[in-house]
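Please read it with the coordinates open.

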Amino acid sequence: MPNSPPFVRRPAVWTSWRVMTDPFRFYAQLRARYGDTFTLHAVNGDVVCSCDPAFVRDVLKLDSTASRPFAVDAAAPLLGRNGLLLLAGDAHRQERRLLTPPFHGRRMRAYGHVIRETAEEVLSRWTDGAEISARADMLDISFRVIVRAVFGVVDDEAVARWVQAVRALVDGFNPLLIFVPALQRLPFGPGPRFAASRGALDQLLYDEIAARRASGARGDDILSMMLDAAYEGGGAMTDLQLRDELVTLLFAGHETTQVSMAWALYRLARRPGALARLQAELDATDGSPEALEQAPYLGAVVQETLRLEPIVPDIIRTLTEPRTLGGYDFPAGTHVSFLAGLVHQREDLYPEPEAFRPERFLERKFAPHEFLSFGGGVRRCIGAALATYEMKVVLGTLLRAVDVESLSEERSVRRSVAMGTSGPVLLRVRRRDQGAQRRPLTARSDRTASVSS
């Protein structure tokens, strides 16, 4: 094996532009020419990229001290340095241990009725035969779920205020701020616009933190857990640490579910057989979050959607010590990236990789280095379980009640740091005449206490 992967000799600006605008196709073209592993010359530094399962497996084995996040200095002004995404080493390990409980088990399932009721609010707006934008409606659901789950907000006016602030933050972000960090320092352009929306959300966050500390009000929400959590040494999270983690959750947490739910509806609308099989499974349940979480074909639909349309095309880490990955030796300081989109398109792992076949996830179990929609290893997305749980409850709730027909052609494009749909994902929705009847709309569950004004 050569001592180092082949080098793609293209200008850094051109390479970064292609990665930013059309990563899936660009990476596929490079793989066809250079093989599974190659090195790119990019604006933020040279990056070794790979879709070789052996390389990916070696990266996922790295512990929290052997690598650190990539381009922290570029992302820190946007998210804050204290969020889990940007921490490394022992700080990352402690923060992850502190934040794990609300994203798993009983605490996670406490959000189930909030998720279902939020989906039912959108469902109540869909009239028989209506044309809807799945991207817009799933974004609405995602924003409202994350605000309610993070802050325990149930009052309509308060929910709307928080959703508006989070939406402004997301809409104000431009991926150029990460790929070209110098833009953050200019007095015009996307930097000041994002800073203004971030400042408005920061004010809401700090006001909420202060009010909750003063009142002692607590619920099943994530902020309540953070306020009461203690590090290994006994210390509590500071206001700045809380702010950085909350911004990270709000900014990054809405994306996976919103985009993936829209893609799932789009894929099912274009494969009637899969939709019929799923609805038959859903009709045999009572529609409760508990039942939907356990529905096997629904779970396979979620996984296949995430395989075909991974939200993050490349996951980059920086080695803090020399390592051998995929048979290549790399010094400390090397930036390495595994390409989830290309791994998910490997014929040897996923026969007919471009086909939407949820059945493949019922036929075999894929290893962590083969299914990478949430990254992997010690830096695997902490919200992976909650994201898939939300997708199951929302999709199950909607598709027990309606059939969907595709009205648009969609492809995957870069929308922020992550990937999204090229268009609004137009669907025709029709109330189902047969099968399970949708549970009547009810008042919101009191499972999550209202602790916000």
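The points below cover confidence, the core and the aromatic pairs.

1. This is a predicted model: local features need pLDDT of at least 70, side-chain atom pairs count only at pLDDT 80 or more, and totals for chains, interfaces and linings use all residues. Residues are numbered from 1 along each chain as its sequence is written, and side-chain values use heavy atoms, without hydrogens and water.

2. Mean pLDDT (the predictor's confidence in each residue, from 0 to 100) is 89, and 95% of residues reach 70 or more. Over residues 434-453 pLDDT stays under 50. Where pLDDT is low, the predicted coordinates should not be read in detail.

3. Buried means under 20% relative accessible area, with a 1.4 Å probe and protein chains only.

4. The whole structure holds 10 aromatic pairs (ring centres of Phe, Tyr or Trp, its six-membered ring, within 6.5 Å; stacked if the planes are under 30 degrees apart). Phe151 and Trp162 are stacked, with centres 4.2 Å apart and planes at 25 degrees. Phe151 lies in helix α8 and Trp162 in helix α9, so the pair ties together parts 11 residues apart in sequence. Phe151 is buried at 0%.

5. Tyr350 and Phe366 are also stacked, at 4.5 Å and 25 degrees. Both are buried. Ring pairs link Tyr350, Phe361, Phe366 and Phe371 into a cluster.

Definitions and conventions. Contact means heavy atoms within 4.5 Å. Rings of Phe, Tyr and Trp (its six-membered ring) pair if their centres lie within 6.5 Å; planes under 30 degrees apart count as stacked, over 60 as edge-to-face and the rest as tilted. Helices (H or I, at least four residues) and strands (E, at least two) are DSSP runs, numbered from the N terminus. Buried means under 20% relative accessible area, exposed over 50%, partly exposed in between (1.4 Å probe, protein chains only).
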